[in-house]
Amino acid sequence: MSAPSDERTDLGLRARAEMAVRGVAIDPPTVTDLGSVIPLRRPGGAGPSADGHVLVDGLRTTVPIVADSPFRLRDGRLVRRDVGGVTDMGVAVDTVDRPAFYDLTTADGVPYEKIARLHGNDVLASTVVQTCVRYAEADRCRFCAIEQSLDSGATTAVKSPAQLAEVADAAVRLDGVTQMVLTTGTSNGRDRGARHLARCVRAITAAVPGLPVQVQCEPPAPDDLAAITELRDAGAAAIGIHVESLDDAVRRRWMPGKATVPLSQYRLAWDEAVRVFGRNAVSTYLIVGLGEDPDELVDGAAELIARGVYPFVVPYRPIPGTLAFDDGIPGPDPDLLADVTARVADILRATGMRGSDQAAGCAACGACSALSAAGG
Ligand code: SF4
């Protein structure tokens, strides 16, 4: 990994938002070996993906790589190329080297790279079950590509606790990983996959004591909320229960399967998770660009914050292999993203809730959101 530059200047929130939506390109464009410029990239998969991982002004940042973006990486700097010429944006961009653990293979013969991946510069992430009960086209979240990386052979369908423990141990020893994120496709069980997550956390924390792990799953059924306590007892430090939108019409349009789980069930699960894990150890994603009214989105974020739940605001990202990408749905207006991010960051700051105070997870990492750059 290359060290973050000492040269810290502030890339404004508007520019960060625009870069998150429009992506970055390589400069000069004649460089065809992307890996030589951005060694750490993430293929499709669960959540935001199809991007490169860099440090912009020292902050972990994931950005789509888009050949015709005006933002360009040139000799460790972020520049903007428009008709008027090239402007240096005043910030350094450090790349993240391909981690050493990617070259190892588990005792049962699976490349580590297929078990877990490096996110940002020090986060280990894995989708422990790469299939989802909601992946039939009529039910699937339109922004999700969870099974695409399985089809491409980039990962395996189910990661065992032993495999994850082995990879986590190596990633900490060889590459300085400081936290881990475990997500899962949704299972048919009432626990929605939480118990497999708990077994994984138990194995990881036994192998690497002190490595904070965040788990992410759908709300367990109301009569199985004990699964949340089991995750905590297994050693998880934080939990993400991701709703993506608090607008039922948006949920039905974008997430027909998940929308069958009423918001009341999310609130029950969030409240139980806050009781068990504590305030600001529980988070959810809110996606900007699905058509939700921005004021309602900010009000919803305020309601979550009041419950003790961190709203991780991210832009909708068109990812190849998703239904929305096939429909040609573009990312949000960068001004809208910057506005919503700034307003939610203001509320977070006013209530003393910061992503960086979480022990592990997307809010702690921050790379897929501009919230951390806005002080949230
Ligand atoms: S914010 Fe979450 S999904 Fe994005 S890079 Fe960090 S850990 Fe990975």
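## Rings, charges and a ligand shell

Arg80 lies over the face of Phe71, 4.9 Å from the ring centre. A charge counts as over a ring if NZ of Lys or CZ of Arg is within 6 Å of the ring centre and within 35 degrees of the ring normal. Arg140 has its charged end over the ring of Tyr135, at 3.9 Å from the centre.

This is a predicted model, where local features need pLDDT of at least 70, side-chain atom pairs count only at pLDDT 80 or more, and totals for chains, interfaces and linings use all residues. Residues are numbered from 1 along each chain as its sequence is written, and side-chain values use heavy atoms, with hydrogens and water left out.

**Aromatic pairs**

A pair of aromatic rings is described by the distance of the centres and the angle of the planes. Rings of Phe, Tyr and Trp (its six-membered ring) pair if their centres lie within 6.5 Å; planes under 30 degrees apart are stacked, over 60 edge-to-face, and the rest tilted. The count is 5 aromatic pairs.

Tyr285 and Phe312 are both buried (under 20% relative accessible area; exposed is over 50%, partly exposed in between, with a 1.4 Å probe and protein chains only). Phe101 and Tyr102 are buried too. Ring pairs also join Phe143, Trp254 and Tyr316 into a cluster.

**Around the ligand**

Which residues are around the ligand? They are Arg42, Thr62, His119, Val123, Tyr285, Phe312, Cys362, Cys365, Ala367 and Cys368. The shell divides into 7 nonpolar, 2 polar and 1 charged. Here Ala, Val, Leu, Ile, Met, Phe, Trp, Tyr, Cys and Pro are nonpolar, Asp, Glu, Lys and Arg charged, and the others, Gly among them, polar.

**The whole chain**

The chain holds 12 helices and 14 strands (DSSP runs numbered from the N terminus: helices H or I, at least four residues; strands E, at least two). Its C-alpha atoms fill a box of roughly 60 × 50 × 40 Å along the principal axes. Of the 376 residues, 57% are buried.

Conventions:
A residue is near a molecule or strand if one of its heavy atoms lies within 4 Å of it.
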